[in-house]
Amino acid sequence: MVEKFWQTKTLAKMTETEWESLCDGCGKCCLHKIIEDESEEIHFTNVACELLNTKTCRCKKYEKRFKYVSDCFKVTLDDIDAFHWLPETCAYKRLLEGKELPEWHPLLTGSQSEMHKLGYSIRGKAVPESDAGDLEDHIIMFKL
């Protein structure tokens, strides 16, 4: 059996292309979050960033997203402490924790269709930011 790059390299040793390919395209990191002031507990909402295409689960302006969304967060090893807010299914978080990629991950299946079919993406679940209203009304729990 041939080992895959994520099985032989640390996150720090991956090329930019390898790093980017770890993203399964679920769209969960592009949902608004509420962070409790006192406990710092994170609550995900089903409210999508204005740039998120809720059908493809991809950013409409990925290369220029920081120009349009000031609080957009880039997942890098430079801010590894912030990985705690990533969903449990996120490849970056899983690999950092020494876990395997989920069996439905596009790097294993060859496409995103299994992830969408099993409900691990935001497809069909997200509300556009412009239609949301109060974020507190949109707190959700993910299928993990």
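Me: Let's start with Trp85: is this residue buried or exposed, and what is its relative accessible area?

Reply: Trp85 has a relative accessible area of 12%, so it counts as buried. The cut-offs are under 20% for buried, over 50% for exposed and partly exposed in between, with a 1.4 Å probe and protein chains only. Keep in mind that this is a predicted model, where local features need pLDDT of at least 70 and side-chain atom pairs count only at pLDDT 80 or more, while totals for chains, interfaces and linings use all residues. Residues are numbered from 1 along each chain as its sequence is written, and side-chain values use heavy atoms, with hydrogens and water left out.

Me: How many aromatic pairs does the count come to?

Reply: Rings of Phe, Tyr and Trp (the six-membered ring for Trp) pair if their centres lie within 6.5 Å; planes under 30 degrees apart are stacked, over 60 edge-to-face, and the rest tilted. By that rule you get four aromatic pairs here. One of them brings us back to Trp85, which pairs edge-to-face with Phe73, at 5.3 Å centre to centre and 80° between the planes. Both Phe73 and Trp85 sit in the loop between α3 (65–68) and α4 (91–96), 12 residues apart, and the pair links distant parts of the chain. Helices (H or I, at least four residues) and strands (E, at least two) are DSSP runs, numbered from the N terminus. As for Phe73, its relative accessibility is 30%, so it is partly exposed.

Me: What about Trp104 and Tyr120: what geometry does that pair have?

Reply: Trp104 and Tyr120 are stacked, with centres 4.6 Å apart and 15° between the planes. This pair also links distant parts of the chain: Trp104 is in the loop between α4 and α5 (106–109), Tyr120 in the loop between α6 (113–117) and β5 (127–128), 16 residues apart. Trp104 is buried because its relative accessibility is 4%. Tyr120, at 13%, is buried too.

Me: On to charges. How many salt bridges does a search of the whole structure find?

Reply: The thing to look for is a side-chain nitrogen of Lys or Arg within 4 Å of a carboxyl oxygen of Asp or Glu. Run that over the whole structure and you find four salt bridges. Among them is Glu18 with Lys9, at 2.8 Å from N to O. Glu18 is buried at 15% relative accessible area, whereas Lys9 is partly exposed at 30%.

Me: And which residue does Lys93 form a salt bridge with?

Reply: Lys93 goes with Glu88, and their closest N and O atoms are 2.9 Å apart. Lys93 is at 6% relative accessibility, so it counts as buried; Glu88 has 34% and is partly exposed. Then there's Glu97 with Lys99, whose closest N and O atoms are 3.1 Å apart. Glu97 is partly exposed at 40%, and Lys99 is partly exposed at 35%.

Me: Where is there a patch of negative charge, and which residues gather in it?

Reply: A patch takes residues with over 30% relative accessible area and no salt bridge, joining like charges within 9 Å and nonpolar side chains (Val, Leu, Ile, Met, Phe, Trp, Tyr) within 5 Å. Areas come from the Shrake-Rupley method with a 1.4 Å probe, and for residues only the protein chains shown count as cover. Lys and Arg are positive, Asp and Glu negative, with His and chain ends not counted; a charge is placed at NZ of Lys, CZ of Arg, CG of Asp or CD of Glu. Here Glu36, Asp37, Glu38, Glu40 and Glu41 gather on the surface as a negative patch. Asp37 lies in the loop between β1 (31–35) and β2 (42–48), and at 77% relative accessibility it is exposed.

Me: Which residues form the positive surface patch?

Reply: That one is made by Lys60, Lys61, Lys64 and Lys67. Lys67 sits in helix α3 and is exposed because its relative accessibility is 67%.

Me: What is the phi of Cys57 near?

Reply: Near 65°, a positive value in a residue other than glycine. Cys57 is in the loop between β3 (52–53) and β4 (58–59), and it is buried at 3% relative accessibility.

Me: Last one: how many residues apart in sequence are Val127 and Leu31, and how many Å in space?

Reply: They are 96 residues apart in sequence and 9.2 Å apart in space, C-alpha to C-alpha. Val127 belongs to strand β5 and is buried, at 18% relative accessible area.
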